[in-house]
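Take a walk through this model, from the whole chain down to one side chain. Keep the structure in view as you read.

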Amino acid sequence: MSRAAEGRAGAGGAAATIDVDQALSLYRQMVLIRGVEVEIETLHKRGRMTGSFHSSMGQEACAAGVCAALRQSDIVTSNHRGHGHAVAKGIPIEGIFAELFGRSTGVSGGRGGSMHLHHRESGFLGENAIVAGGLPWAGGAAWARKKRGLTDVGVAFIGDGGFAQGVTHEVLLMARYWEAPLVIVCENNGLAHSMASERLFGEPGSITRIVEATGVRSEFVDGRDVIAVAETAAAMVEHARTVGPAFIECQVFRVKPHSLSDPDYRYREKDAGQAWLETHDPILALRRRLGEDQGEALDRIDAEVAEEVAAASAAAEAAPQTPVEAALENVYLTAELNKNG
Amino acid sequence: MAELKYAEAVRAALAAEMQADEDVLIMGEEVGALGGVFTTTKDLIEQFGPERVIDTPISESGFVGWSIGLAAEGFRPVVEIMFSDFVLLALDQIINLGAKVRFMSNGQFNVPLVIRMPGGGGTNHGPQHSQSLESIFAQVPGLIVAMPATAADAYWMLRDSIRCDDPVIFIESKGLYFREKGEVDESEGPRGFGARVARPGTDITVVSAARMLHRCIEAADALAAAGGPSCEVIDLRYIWPLDTDTIAASLAKTNKLAVIHEPVEFSGWGGEVAAWAAASQFEQLDGPIARLGARRVPIPFQPHLEDEVVPSVARIEATLSDLHGY
């Protein structure tokens, strides 16, 4: 066990600790998410992928740390910046690449693309391209599990932009009222597209306090520190499993522009993302904390993940394009209704 | 066989499906102890308990989205929107998620959800409680739009909708809840999709639905009594799927078409029926297609003002007389 990960108190005083194997597993998840996002960006720049793309680079620790607290049967909904959550929840990355390439082997049949990853088997209900739109789904689905006598929890990832949506407030109140096993994870990356969240809500931590006032248990965590995120998430997921809803505000940073085509130099320092990465990269931070004695293991992970990403991307691209008939399929389950106008 | 008011038929259908399938849940504002503001869930909480008859906060977007989550997990929620006007708060969840999740997930999820709502006028509730919004939903792939006009259809179409594996927008006519009544045969069995001929005739095919159907029949009866045209009135029952076969069969006999509905005429679903007929029934038509819908103004609360806006029996009669005289 490294000094860094040893003996930390979990959020809320729970005695959760992260051992070295868990830390390496978190490292692997973060590197995998980063690798997927970098690969997607590269493919877009080379003109081999189409559609929209919202990179989660820099936010890996939140996805990895939160999903480390979940079982496969637990469920997740996400948002337009959801690749990291999808990877961390366990969607096979070839299925993600294939979806973005528009292949029928994609997790959604190659019809939804980047913002519409769905994978029931791994408990990833879906992304949602409407800000905070996936939040009530997570609440209802998690509550459904509870009604069936199961102990699964639901996690809904939103951003600071999503906290400005009315439905977020509605779901917070319903989750409390019905004691739903729901954890809302608000990734506060400081920017709702171009609007600074500090101007809207106040300094980081303010969202946590707003939620506390509703009576929902709420914690703030530094999203650069994957160990802290994992410990906080473990405590909050346990709270949701046994008591009721919980909320995590995770302070992260959006390294890339809002989307591929977003001219972010108009509203923040040029190269702000790169500058942040050089000093605050959560992957490098964990590497430093694990220390020299884990250097070899970490290098091995880096190499394995690079190979895994390259292989998955190539296999996904080689699959056949989604056939044109697929555009008309799976609208209704009732067979006689699939007339498609 | 029992004679039920339209509202009682809705309630009886809910009770029957709750009885038949434990996965059927009722959710909405005031559906529990209060029994629904139009009594359609009266006493159901006593019968089925608060775990299955669930009062929600006044959070339409939130609880409709929540019900989509329940439905995608295999429950069969029946959500009540107190007045159809309030469904506008939940359109994101309905249109962007409920209607599309089967498509977006390539069939991994389906949404067996019924969203019930009292639509239309006739109860003096004014501009934000009297709109007819079905044309909005008919535009959305993934949805079914059901509009019962009779007590028997309120009963059977609701039972069919609850058993349906896809999301159904179920618009009840609040003006019919306590005025319309009829025999409901609980042993009859599912009725399925498709329109029906509500009043046979030979001169004009009148396509209508829901509350306006009764005004069309009243107008048709008055015209017949006065020696005017013989009108065949068709009750569409479902705005989508649209049963054009039944309309075509009638047109083959009458060769004249009128479409009369409660939504605003401009961009209302009647235009879709008219366009279909103009495109595919041109050889059958011996006259222009008559359309009559609400005028393009909000719905006033006083009855005599409302009848100036939505089709009145007198305006329907005049429209049909004009068409007959063509």
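In chain A, which has 341 residues, 58% of them count as buried. The model is a predicted one, so read every value here as computed from predicted coordinates.

Next, the secondary structure. Chain A is built with 12 helices and 8 strands. Its radius of gyration is 20 Å, close to the 20 Å that the globule rule gives for 341 residues, so chain A is as compact as a globular protein of that length. The C-alpha trace of chain A spans about 60 × 50 × 40 Å along its principal axes.

Now look at how the chain meets itself. Take the contacts in chain A between residues at least 6 apart in sequence: 71% of them join residues at least 24 apart.

Chain A has an accessible surface of about 13,700 Å². Carbon and sulfur atoms account for 51% of that area. As for charge, chain A carries 33 positive and 44 negative side chains. The centres of these two sets lie 4 Å apart.

B:Thr246 sits in helix H9 of chain B, which covers residues 244–254. Is B:Thr246 buried or exposed? Its relative accessible area is 19%. The cut-off for buried is under 20%, so B:Thr246 counts as buried. Which residues does B:Thr246 touch, leaving out those up to four places away in sequence? They are B:Ala195, B:Val197 and B:Ile234.

Technical notes. Residues numbered from 1 in each chain as written. Chains lettered and ligands numbered in written order. Predicted model: local features only at pLDDT ≥ 70, side-chain atom pairs only at ≥ 80, totals over all residues. Heavy atoms only, no water. Helix = DSSP H or I, 4+ residues; strand = E, 2+ residues; numbered from the N terminus. Rg over C-alpha atoms; globule rule 2.2 N^0.38 Å. Buried < 20%, exposed > 50% of the residue type's maximum accessible area, 1.4 Å probe, protein only. Contact = heavy atoms within 4.5 Å. Areas by Shrake-Rupley, 256 points an atom, 1.4 Å probe, with all protein chains shown as cover. Lys, Arg positive; Asp, Glu negative; His and termini not counted. Charge placed at Lys NZ, Arg CZ, Asp CG, Glu CD.
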